[in-house]
Amino acid sequence: MASGISSRTKVCGIFGYPLEHTFSPAMHNAAFEAAGLDFVYLPFPVDADRLQQAVASVRFLGLVGVNVTIPHKEAVLPLLDELSEEARLIGAVNTIVNHSGRLYGENTDGRGFLCSLRKTANFLPSGKTVLLLGAGGAARAVAVELALAGVRKIILTNRSKSRAEEMAAYLSSRIGTCTEVLTWPEPEDLLPGEALQSADLVVQATSLGMYPCCAQTVPLPFNLFRPGQVACDLVYNPVQTEFLRRAGEAGATVMGGLGMLLHQGALAFELWTGKAAPLEAMGKALVKTVWK
Ligand code: NAP
């Protein structure tokens with residue numbers, strides 16, 4: 001692609017810090033190539049002190065749009081001209097679209113998760129009970145989207161209980177979702193089996209099990225997972241986490257985080273280009289990058 005860059009090439013990218021481990025450039029550049037678009041996607045390492053100037057440069061340099069990742073997803077909100085309803089509810093933006101100098105903030109993480117859930121596990125959240133482990137940024141995006149999709153109840157638990165309590169209060173007051181908060185167990189203890197057994201969907205949204213600490217996982221009575229239940233891990237590196245391995249062994253249908261990454265990227269691609277995302281090319285590029 002680099003040899004084909006000209007003054008007509010449209011530029012997208014990602015703002016975050018650090019960015020050494022991002023898979024998005026490989027995924028998006030493969031998408032542009034597959035779709036025959038004269039676009040390029042670049043990583044822009046931006047630290048917190050320079051976020052404001054970086055966002056202004058999207059307007060001044062005429063970038064089509066950018067993704068926003070850790071640590072800027074929340075800090076970027078007041079720097080934008082308009083927010084989608086989901087970005088406002090989640091309180092975070094992962095995609096900026098430049099509409100002739102007006103910057104529109106969207107959050108595609110939660111919808112990417114739901115899309116992956118539907119396509120991979122054929123799971124529709126309406127009326128279902130969810131056990132959500134974690135209360136960080138990714139958990140919040142997933143929780144808001146599941147709440148908007150009409151789940152019956154979300155049972156939340158997080159190492160720092162106050163964050164789970166805040167999220168539960170927010171979901172019930174803003175979206176009217178029924179919620180329950182469990183205390184994260186002490187070391188050597190496990191979360192209550194009833195909570196796991198009552199859930200149709202269990203979402204692992206903590207960073208436990210992420211490379212290089214791949215042997216770690218959440219304190220669940222894994223033997224109580226059952227066929228018919230869906231177990232999702234948002235961690236995508238490694239592709240097969242300890243959580244997925246153990247839930248799968250007990251009979252649950254499992255789904256890793258790569259599908260969410262793919263679909264949040266596909267939604268961003270569609271916002272920037274107005275075209276359907278070439279999912280197969282994007283998925284292949286992701287898998288190739290993860291296994292490198
Ligand atoms: P975050 O905002 O930093 O939240 C981290 C979460 O993990 C918090 O709930 C935190 O609990 C918990 N946690 C961290 N270390 C823990 C430990 N030792 N024991 C128990 N809990 C621990 O991060 P995030 O953005 O939500 O990301 C969470 C995970 O989702 C990461 O693995 C990330 O790669 C993945 N993710 C995947 C996608 C995707 O597209 N698949 C998108 C975004 C994120 P406390 O609140 O107590 O600190």
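This is a predicted model: local features need pLDDT of at least 70, side-chain atom pairs count only at pLDDT 80 or more; totals for chains, interfaces and linings use all residues.
Residues are numbered from 1 along each chain as its sequence is written, and side-chain values use heavy atoms, with hydrogens and water left out. Local features need pLDDT of at least 70 and side-chain atom pairs count only at pLDDT 80 or more, whereas totals for chains, interfaces and linings use all residues.

Contact, meaning heavy atoms within 4.5 Å, involves 15 residues of domain 1 and 21 residues of domain 2. The two domains bury about 1,600 Å² between them, with 63% of this area on carbon and sulfur atoms; buried area is the accessible area (1.4 Å probe) that two parts lose on being put together, summed over both. Of the area that domain 1 buries against domain 2, L89, I90 and M260 supply 41%, more than any other three residues.

Across the interface, 2 salt bridges are found, each defined by a side-chain nitrogen of Lys or Arg within 4 Å of a carboxyl oxygen of Asp or Glu. A salt bridge joins the side chains of R111 and E86, with an N to O distance of 3.3 Å.

On the side of domain 1 that touches domain 2, the elements giving two or more residues are α3 (85-90), α9 (258-273) and α10 (279-291), where helices are DSSP runs (H or I, at least four residues) numbered from the N terminus. The most is given by α9, with 6 residues.
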